[in-house]
Amino acid sequence: MTVEASETAGTAGVRFLGARKAYWRLLVRGGVLLMVTLGIYRFWLNTDVRRFLWANTEIAGESLEYNGTPVELLIGFLAAVAILIPVYAGFFLAALDIGTLGEMSGIVGVALLGLAGQYAIYRARSYRLTRTVFRGLRFHQTGSAGVYAVRAFLWWALTALSIGLAYPFQVASLERFKMRHTFYGDLPGRFAGAGWRLFLRGLPLWLLLMAPLALAIGAFIEVVDWVALADALSAESDDVMAHIARSNPELPNAIVFAILMVLTSIALALLLFPAYRAIMLRWWLSGLRFGGIELSSHLKMRRVYGAYLRFLGLALAFSVVLALGSLPALWVVGVLTAGEDASIAAEAGAALVLIGGYVTAALGYSTLYRATVGYALWQLSMESLQLVGLAALDHVTAQGQPSSALGEGLADTLRVSGY
């Protein structure tokens, strides 16, 4: 029995064959063309990135294939813009109303855009699945994007009310919905990850983040004389803050302590974010199923931290280079805008220099992140996988039709797009 036949019959891992240097070249060239084309090239860059990642991911000796095109993404984007412009115009006109409609327009607008974002995420996933081919057969997705959007919106509301404690159960529920409507040919998908497992793994992180905030709230409750504070706020005084300080002498110390605790919580959030990504990825990958095929992941948290540290180091080096390179540009801006009689053309030239610097910085950091963290997370995730039950692949037949790129366009416009 050959190695490939053995893998097909039972268990196999996933290999990622992409060369890091080739990925760097792709992203750097894309970054330059993004600047030259004022962002239009992103449809071509996103397609190139997907083709690179898909083509270099090998399962049981055969690679994935991405057959989407940049023209499809461009058309999807233009269609999304045509849909959203009247919607935004409606929000603007409603906001001009001085009555109840105007007061409610902001809340209604945020709610509708939240729903639209979740709708776009589901439709965009459908597009990417139908452009993903393995062994000549495509993936596809059924189910209502509208139903998914409502479910996701309600789950996000519950997660906010529970201060994040419901998040693991939200993710598990939404993944079950998505995988229940996902197919490889006629092979149905499902999600076996349990919300309570993710809850238990993430609870220590949540406690570490919430502890400083709880201490800050406790300090306020202990030192503040709430009756005196209410009297100070209701007093008709020109110096309310001084009145509050006199009636609550410990309040300034409590405020300083609260600021320190909030900063501590923010620092912990940044420090623990790679751990959160590692926990989420390993849990999610290990919950994926297609028919009799089961996936498991042994993703190492320390390797995820390594990816973020690599990005941090390169970002610091880029910041130094950017700062040194900005000095001549700032000198040019100073020369152009010196004096009160600077011409409009000179001010416009200075503005262009500043905009160019901002765009260079934004594209530079974005490229560094995609080339380090984005690349590493894909590589580590794929190489951590073990697949069991691959014999089921031998009986899969073709099903599903290509989905439109409207979801990708909406996701791009609403800034919720992904791979």
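Predicted model: local features only at pLDDT ≥ 70, side-chain atom pairs only at ≥ 80, totals over all residues.
Residues are numbered from 1 along each chain as its sequence is written, and side-chain values use heavy atoms, with hydrogens and water left out.

Trainee: What percentage of the 419 residues do buried residues make up?

Mentor: Buried means under 20% relative accessible area, exposed over 50%, and partly exposed in between (1.4 Å probe, protein chains only). Of the 419 residues in the chain, the buried share is 38%.

Trainee: Which residues does UniProt give for the feature "transmembrane region", and how far apart are the end C-alpha atoms over residues 344-365?

Mentor: The unreviewed UniProt entry places that feature at residues 26-44, 73-94, 106-125, 145-169, 198-221, 254-276, 307-332 and 344-365. UniProt positions are in the numbering used here, feature names are shortened, and annotations may be inferred rather than shown by experiment. In the model, residues 254-276 are 100% helix and 0% strand, with end C-alpha atoms 31 Å apart. Residues 344-365 are also 100% helix and 0% strand, and their end C-alpha atoms are separated by 32 Å.

Trainee: Which element gives the largest share of the positive patch?

Mentor: Patches are made of residues with over 30% relative accessible area and no salt bridge, like charges being joined within 9 Å and nonpolar side chains (Val, Leu, Ile, Met, Phe, Trp, Tyr) within 5 Å. The surface patch of positive charge gathers R20, R197, R201, R282, K300, R302, R303 and R310. Two elements give two or more residues to it, α8 (195-223) and α12 (301-336). The largest share, three residues, comes from α12.

Trainee: What is the relative accessible area of R282?

Mentor: R282 lies in helix α11, which covers residues 251-286. It belongs to the positive patch on the surface. R282 is partly exposed, with a relative accessible area of 36%.

Trainee: Turning to charge pairs, how far apart are the closest N and O atoms of E58 and R15?

Mentor: A salt bridge is a side-chain nitrogen of Lys or Arg within 4 Å of a carboxyl oxygen of Asp or Glu, and a search of the whole structure finds 10. The pair of E58 in strand β2 (residues 57-59) and R15 in strand β1 (residues 11-16) links distant parts of the chain, 43 residues apart. E58 counts as buried at 13% relative accessibility, whereas R15 counts as partly exposed at 48%. Their closest N and O atoms are apart by 2.8 Å.

Trainee: Which residue forms a salt bridge with E62?

Mentor: E62 is partly exposed, with a relative accessible area of 33%. It sits in strand β3 (residues 62-66), while its partner is 73 residues away in the loop between β4 (132-134) and β5 (137-141). With the closest N and O atoms 3.3 Å apart, the partner is R135.

Trainee: How many residues apart in sequence are D394 and R135?

Mentor: The side chains of D394 and R135 meet in a salt bridge, 3.6 Å from N to O. D394 is in the loop between β10 (385-388) and α14 (406-413) and R135 is in the loop between β4 and β5, so the pair ties together parts whose separation in sequence is 259 residues.

Trainee: What separates the C-alpha atoms of V373 and Y308?

Mentor: V373 is found in helix α13 (residues 344-383). At 0% relative accessibility, V373 counts as buried. V373 and Y308 are 65 residues apart along the chain, and their C-alpha atoms are separated by 5.9 Å.

Trainee: Is L38 buried or exposed?

Mentor: L38 is found in the loop between α2 (20-36) and α3 (42-55). Although not a glycine, L38 has a positive phi of about 55°. With a relative accessibility of 76%, L38 counts as exposed.

Trainee: Where is R415 found, and what is its phi?

Mentor: R415 is found in the segment after α14. It counts as exposed at 67% relative accessibility. R415 is not a glycine, yet its phi is positive, at about 60°.

Conventions. Helix = DSSP H or I, 4+ residues; strand = E, 2+ residues; numbered from the N terminus. Areas by Shrake-Rupley, 256 points an atom, 1.4 Å probe, with all protein chains shown as cover. Lys, Arg positive; Asp, Glu negative; His and termini not counted. Charge placed at Lys NZ, Arg CZ, Asp CG, Glu CD.
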